[in-house]
Amino acid sequence: MMENKVFLSFTFYSTILILKMYAVAIITGQVRLRKKAFANPEDALRNGGLQFFREDPDVERCRRAHRNDMENIFPFLFLGAIYSLLDPSPAVARIHFLIFCVGRIIHTIAYLLQLRAPTRSVAYSVAQLPCFSMALQILLATTPYW
């Protein structure tokens, strides 16, 4: 497996994306603390009282960014792993992984910093292109076996 350059590239970019997801989770927690908006009554009690057991728009924005990551990065992890087994060109595969990774990073920055539209949607759309490409290549490779 360590000889598969495509899989190593996939592993690198996937790890970057997982670390980015951890960063968004940490940011969400920090925003919760700063805004004193806790999802659980026991956390609110520990941090000032039940009046802080509430929702906050900034916390919800962070949560939506994190949920969007899960909805998009998890499928990428599956598609990229299977795609890596198809023996694609290492350079082409690296471009797929890089485009997805950069697109997702820009998407998160645009989401959290509330950048002007259409920054976030363009980043989302660009990141989807390599996923569709990988999915199509997987289907083409596996169609003879269905």
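A salt bridge is a side-chain nitrogen of Lys or Arg within 4 Å of a carboxyl oxygen of Asp or Glu. Side chains of opposite charge can pair when their charged atoms come close. The model is predicted: local features need pLDDT of at least 70, side-chain atom pairs count only at pLDDT 80 or more, and totals for chains, interfaces and linings use all residues. Residues are numbered from 1 along each chain as its sequence is written, and side-chain values use heavy atoms, with hydrogens and water left out.

The structure holds 5 salt bridges. One of them joins Arg63 and Glu60, at 3.1 Å from N to O. Both residues lie in helix 3, 3 residues apart, about one turn of the helix. Helices (H or I, at least four residues) and strands (E, at least two) are DSSP runs, numbered from the N terminus. Arg63 is partly exposed at 38% relative accessible area, while Glu60 is buried at 18%. Here, buried means under 20% relative accessible area, exposed over 50%, and partly exposed in between (1.4 Å probe, protein chains only). Salt bridges with shared partners also join Lys20, Asp69 and Arg104 into one network.

Lys35 takes part in a salt bridge with Asp56 (3.5 Å, N to O). This pair links distant parts of the chain: Lys35 is in helix 1, and Asp56 is in the loop between helix 2 (41–46) and helix 3, 21 residues apart. Lys35 also meets Asp58 in a salt bridge (2.4 Å, N to O). Asp58 lies in helix 3, 23 residues from Lys35 in helix 1. Lys35 is partly exposed, at 25%. Asp58 is partly exposed too, at 29%. Asp56 is buried, at 8%.

Aromatic contacts were examined next. The structure holds 7 aromatic pairs. Rings of Phe, Tyr and Trp (its six-membered ring) pair if their centres lie within 6.5 Å; planes under 30 degrees apart count as stacked, over 60 as edge-to-face and the rest as tilted. The ring centres of Phe7 and Phe10 are 5.8 Å apart and their planes stand at 45 degrees, so this pair is tilted. Both residues lie in helix 1 (residues 5–35). Phe7 is buried at 19%, and Phe10 is buried at 6%.

Phe76 and Phe97 form an edge-to-face pair, with 6.1 Å between centres and 85 degrees between planes. Phe76 lies in helix 3 (residues 57–84) and Phe97 in helix 4 (residues 90–112), so the pair ties together parts 21 residues apart in sequence. Phe76 is buried, at 0%. Phe97 is buried, at 0%. Phe7, Phe10, Phe76, Tyr83, Phe97 and Phe100 form one aromatic cluster.
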